[in-house]
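Reader: I have just started reading protein models and would like to go through one piece by piece. Can we begin with a single residue and work outwards?

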Amino acid sequence: MNYSTIKKTAVAASLVAALGFADVAQAQTVFGGRSQYRTWSIGVQGGITTPNALIGGSNAFGQKVGYFQNKVGEYYGLTVRKQFSHLFGLEVEANRGKIKTFNKNNAVENSFGAKSVETEVNWAASLNGVFQLGTIDFLRRENAVNFYAKVGLGVMAYNPVQFANNEFGGGEVFNKKGSWGEEGVVGGDRVYTGDKDYRLGMYVPVGVGAKFKLSEVVALNLGYTMNFTDEGLLYGPNRQGDAKQRFSNVYGGLEFTLGSRDKQNLTFANPVATMYDELKDPSLRNEVEALKQRVSTLEGTVSALNTDTDGDGVSDRYDKEPNSPAGAVVDGSGRQIKFPEPTSFTDNSSTGYVAPIQFEFDSSVLKTQSYSTLDKVAKEVRDNNSSITLDGYASAEGTEAYNVSLSKDRANAVKQYLVNAGVASSKITANGYGEANPVASNATEEGRVQNRRVEIKK
């Protein structure tokens with residue numbers, strides 16, 4: 001077998017594999033997985049062979065202009081294919097049959113006196129990459145016709161028989177069946193001393209075709225393939241020596257898709273089917289409109305749930321007091337929590353009471369509504385050069401140790417604000433007492449809200 005031809009065919013096969021696996025990766029993205037399609041198929045086919053190809057060139061028999069004469073031979077076989085996407089599939093193809101040719105002017109074509117030849121192809125098997133063309137259709141949801149091109153690499157077992165006439169029926173002058181396998185040259189002639197019935201050779205099939213969908217299972221397959229061999233003896237000894245020979249076959253057959261009929265056949269899948277559904281299918285369009293209306297209704301419900309007229313942080317739907325004053329402290333039902341009215345911080349009473357500073361659950365961050373009270377306290381402490389005590393408290397959730405730490409953090413948060421407002425740090429004492437000294441019951445949320453506080457004392 002010629003080394004350069006092997007190299008070329010290996011490169012061709014590698015290219016087919018690379019293109020195939022690239023397309024497999026694309027398929028995962030485009031289709032979301034092949035499991036939703038039928039991807040396996042088997043086919044049967046039959047047709048005829050001719051000892052030439054559309055691209056031109058002559059075979060080894062009848063090379064002179066006007067001498068060469070085509071003669072058709074029968075050719076049949078089967079295929080098994082795996083479709084990886086709407087663009088690409090891999091196919092195993094097996095065939096057998098005959099290739100015939102003769103010299104119409106009865107000229108002798110070799111030293112054996114042969115005028116015609118019939119090559120028996122016992123079997124030919126190839127692995128083909130099948131590329132589907134024109135699969136995108138903007139007018140139909142699913143394709144009914146598919147055009148394709150294929151290229152592959154194969155091995156064939158053949159035996160050429162040459163005849164002294166052009167009738168293929170007698171006067172054999174060359175038939176080495178039973179002698180293939182060992183070759184040599186004796187006295188300038190090639191001799192065969194093996195024990196094989198057929199000679200093995202490589203070939204590269206290149207073809208085009210069309211498939212017509214007859215049903216969800218059956219498709220009509222028509223095609224034409226040119227077969228480029230690595231063989232100089234495809235038609236037996238000839239004037240061209242080791243020149244590589246070729247032949248073609250035209251075929252028709254049926255292809256049967258395997259798998260559940262509930263799944264679409266990937267061979268005829270249209271990648272823009274979803275777009276087609278959106279544009280052309282009225283029932284789907286109505287369903288989409290209904291979904292849009294449902295979404296609009298849900299958005300309206302969410303909007304209503306978010307409405308808070310008095311801005312107290314409780315939705316109107318659940319607010320028991322929808323008209324709370326701005327800045328009022330409310331419980332989970334939106335009801336205002338009433339605190340004792342504060343006296344002036346400069347009052348001569350022994351406690352020097354001012355309204356406690358409130359905090360959210362598990363938080364030591366000051367609320368903005370506390371700023372005005374603390375600004376007044378800072379001014380009075382600065383003006384009178386007095387000292388104050390900050391006693392922090394917590395509600396009864398959590399462990400006692402944690403609540404002591406949290407209450408201390410709350411007192412320090414108030415202290416830091418007053419220091420930032422110009423009060424000397426030495427004038428402020430901050431304490432944390434945790435759950436001690438509750439001003440309301442910890443059994444209710446309203447009571448717990450009041451207990452999350454810092455008291456300011458002179």
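Reader: Where is the place of Asn-437?

Author: This is a predicted model, in which local features need pLDDT of at least 70, side-chain atom pairs count only at pLDDT 80 or more, and totals for chains, interfaces and linings use all residues. Residues are numbered from 1 along each chain as its sequence is written, and side-chain values use heavy atoms, leaving out hydrogens and water. Helices (H or I, at least four residues) and strands (E, at least two) are DSSP runs, numbered from the N terminus. Asn-437 sits in the loop between E17 and helix H6 (445-451).

Reader: What is phi of Asn-437 near?

Author: Asn-437 is partly exposed, at a relative accessible area of 48%; buried means under 20%, exposed over 50% and partly exposed in between, with a 1.4 Å probe and protein chains only. Its phi is positive although the residue is not glycine, with a value near 50 degrees.

Reader: Does Asn-385 count as buried or exposed?

Author: Asn-385 lies in the loop between H4 and E16. Its phi is also positive, near 50 degrees, in a residue other than glycine. Because its relative accessibility is 54%, Asn-385 counts as exposed.

Reader: How many strands does the protein have?

Author: The chain has 458 residues, of which 41% count as buried. Its elements are six helices and, as strands, 18.

Reader: Which residues is Leu-418 in contact with, leaving aside neighbours within four places in sequence?

Author: Contact means heavy atoms within 4.5 Å. In general, nonpolar side chains of soluble globular proteins tend to be buried together. For Leu-418, the partners are Leu-374, Val-377, Ala-378, Ile-388, Leu-390, Val-423 and Ile-428.

Reader: What are the edge strands of the open sheet of four strands?

Author: Two strands pair if DSSP finds at least two bridges between them. The order in this sheet is E15-E18-E16-E17, with mixed pairing. The strands that pair on one side only are E15 and E17.

Reader: Which residue of E17 stands opposite Asp-391?

Author: E16 and E18 run antiparallel and are joined by four bridges, and Asp-391 stands opposite Glu-455 in E18. E16 and E17 run parallel, with five bridges between them. In E17, the residue opposite Asp-391 is Asn-431.

Reader: At about how many degrees does H5 run to E17?

Author: Axes are lines fitted to C-alpha atoms, for helices over the stretch in contact, and angles run from 0 to 180 degrees between N-to-C directions. H4 lies across E15, E16 and E18, at about 130 degrees to E15. H5 lies across E15, E16, E17 and E18, and its angle to E17 is about 160 degrees.

Reader: What is the handedness of the β-α-β crossover from E16 to E17?

Author: With the strands pointing away from the viewer, a crossover is right-handed if the path from the first strand over the helix to the second runs clockwise. Here the chain goes from E16 through H5 to E17, and the crossover is right-handed.
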